[in-house]
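Subject: A structure for you to look through

Hi there,

Here is the structure I promised to pass on to you. Have it open while you read, and my notes on it follow below.

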Amino acid sequence: MNSEVLIIGAGAGGLSAAYWLLKNGFKVTIIEKELVVGGLMRSIKYEDFAVDFGYKHLYSRIPEVHKFWSDILGDDFLPYQSRIGILYNGHILEKERKFRGIRRGMPYGLLLSSFANMLKNNYRSNKNSITSLQDYTYSRRGEKFTRIFSQEYDERFKGLKWSQLPAPETLKRKGFLSDFLNDAVKITQKQEHWFHPSKGTGQIVENLEKEVLKMGGKIYLGFRVTNIYNQQEAIKSIEISNDNSKYELKTSNVISSLPLQIIATLMGIDFKPAKNELSFNRGIILVYLFLKQPTKFPHTSLHVSCPNTLMSRITNFSAYGGSMVPKGKGCLCIEYFSTNSIELFLKNDQEIFEFAINECEKSGLVNKMQCQDFLVIKAPNSDPAVSFDDYSTDPTRKKLYEQLSKFKNLYQINRTGTDKSTYAGIIAAKAIVNNDKHLFDYYTSPDIYAPWEK
Ligand SMILES: Cc1cc2nc3c(=O)[nH]c(=O)nc-3n(C[C@H](O)[C@H](O)[C@H](O)COP(=O)(O)OP(=O)(O)OC[C@H]3O[C@@H](n4cnc5c(N)ncnc54)[C@H](O)[C@@H]3O)c2cc1C
């Protein structure tokens with residue numbers, strides 16, 4: 001079982017790399033520990049439902065990737081209207097002005113009390129006492145507007161308290177009313193047009209799997225990489241195993257979509273993240289609610305900012321159009337962002353479902369009677385909030401990335417963002433085809449945030 005390029009992981013990145021290598025006449029073997037392809041881009045299937053792995057907005061910021069997906073999907077890449085709501089104590093407010101104007105659907109009582117709170121905060125604030133992001137935003141918009149529209153959700157998503165984050169370097173202010181109006185009319189989403197596969201993001205990886213197999217690529221499902229042997233900054237072979245057997249594969253090039261800490265462990269590289277390097281110990285719990293009736297709101301997702309709930313984000317799959325959800329039914333996915341160790345991770349699926357449905361009932365979204373079935377997925381170490389900034393700001397992550405980059409025949413393509421993983425996979429394939437690893441290091445380096453914009 002020897003092959004020219006070995007790919008670890010059949011996610012968006014690994015499958016894209018395999019596709020481009022095979023197109024260029026290379027031999028490819030993919031090792032995937034699960035029994036299905038797709039990783040974090042796979043579909044979750046239940047009866048006639050085929051929905052995404054949590055919230056999935058596909059960015060079109062990398063033209064090469066957008067074109068790749070459009071070619072793979074053809075007419076099944078459908079435009080939809082992205083509409084993000086904010087769930088606050090039983091109200092659904094709007095993130096963007098274009099839906100319900102500058103008031104964002106705030107009831108007058110809430111609007112007036114938030115405005116009064118803003119005046120109070122502004123009156124009290126003193127430029128010299130602004131040291132944190134929290135001080136800065138409170139002085140600009142007041143505590144109430146800030147917590148409702150950004151802080152509560154962002155703190156859950158990233159696990160970082162705004163009181164501990166630095167204030168922006170430039171504290172230029174025009175005056176509180178013009179600052180407030182400027183914030184209120186600001187366009188929050190940079191991307192104007194959104195597209196989604198009609199049958200969910202899993203359709204992209206499933207189509208890629210078919211193409212890869214058609215071109216003679218091999219995919220070993222249910223095999224886990226259990227050891228990586230290296231010598232003088234080159235990988236020599238890889239040990240893979242399933243329940244019954246173990247093999248050692250020799251290879252000239254390895255493309256890996258494993259998270260940094262996992263590949264480092266397999267390669268025997270020592271590391272010890274500090275406690276505040278959050279990007280190493282966060283994960284996510286997904287609770288799917290399969291509903292007998294359509295959902296009551298038109299938003300594609302809701303950011304939760306109710307102080308008394310733990311849920312963080314809710315995806316409403318029917319709002320994407322397409323056929324992820326059968327007609328007359330509904331499906332919501334409730335996401336809990338957390339550190340891997342929080343109590344919710346220790347509960348069993350039934351307990352987690354009860355917890356989630358209670359939070360939804362209290363917020364007026366659905367009730368238990370509407371729920372036909374549920375599914376709970378615990379994904380420790382899958383943190384949607386890890387960003388490329390963490391590769392520069394987390395010392396351990398930065399060091400690990402640099403150490404792994406030194407390996408001559410290793411292409412580390414795991415990225416946060418389906419488009420970025422896909423891009424890294426395509427560039428890894430191009431670098432191998434051109435026998436030029438620098439191409440990969442240059443175009444996918446964390447220091448070059450958006451090489452596609454250059
Ligand atoms: C809840 C959530 C929401 C997200 N929302 C968005 C979004 O809106 N937009 C967006 O663009 N991105 C989003 N992302 C990020 C995006 O899903 C990922 O960045 C992307 O799918 C990663 O692709 P990948 O191929 O790099 O890795 P993965 O999809 O993680 O693939 C890695 C594969 O390797 C396999 N594997 C792991 N260990 C082994 C082993 N030892 N041996 C063999 N195989 C192994 C895994 O099973 C997996 O299939 C989100 C992620 C999450 C978790």
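Let's begin with a term: two strands pair if DSSP finds at least two bridges between them. Please also keep in mind that this is a predicted model.

With that term in hand, look at strands S6 and S7, which form a hairpin with two residues between them. Asn89 sits in the turn and has a positive phi of about 40 degrees. S6 covers residues 84-88, while S7 covers residues 91-94. The two pair in the antiparallel sense over four bridges.

S6 has another partner as well: strand S14 (residues 301-304) pairs with S6 in the parallel sense, again over four bridges. In S7 its bridge partner is Glu94, and in S14 Gly85 stands opposite Leu302.

Seven strands make up an open sheet with mixed pairing, in the order S7-S6-S14-S15-S16-S13-S17. Which strands stand at the edges? They are S7 and strand S17 (371-379); each has a single partner strand, so one side of each is left without a neighbour in the sheet. From one strand to the next, the twist averages 25 degrees. Helix H6 (residues 143-158) packs on this sheet and touches S6, S14 and strand S16 (330-339). The direction of H6 makes about 90 degrees with that of S6.

Next, the nonpolar core. In general, nonpolar side chains of soluble globular proteins tend to be buried together. The largest nonpolar core here has 100 residues, and Ala18, Val287, Cys331 and Ala428 touch the most other members. Leaving aside residues up to four places away in sequence, the contacts of Cys331 include Phe49, Val51, Tyr288 and Phe317.

Finally, the ligand. There are 34 residues around the ligand, and Gly9, Gly11, Gly39, Gly54 and Ser421 come nearest. By class, this shell has 12 nonpolar, 14 polar and eight charged residues. Helix H1 (12-23), strand S2 (28-32), strand S10 (224-231) and helix H14 (418-433) each supply at least two residues of the shell.

Enjoy exploring!

Technical notes: Residues numbered from 1 in each chain as written. Predicted model: local features only at pLDDT ≥ 70, side-chain atom pairs only at ≥ 80, totals over all residues. Buried ≥ 20, exposed ≤ 12 C-beta atoms within 10 Å, placed from the backbone. Near = placed C-beta within 6 Å. Nonpolar A, V, L, I, M, F, W, Y, C, P; charged D, E, K, R; others polar. Core = buried A, V, L, I, M, F, W, Y, C linked by C-beta atoms within 7 Å. Contact = placed C-beta atoms within 7 Å. Axes fitted to C-alpha atoms, helices over the stretch in contact; angles between N-to-C directions.
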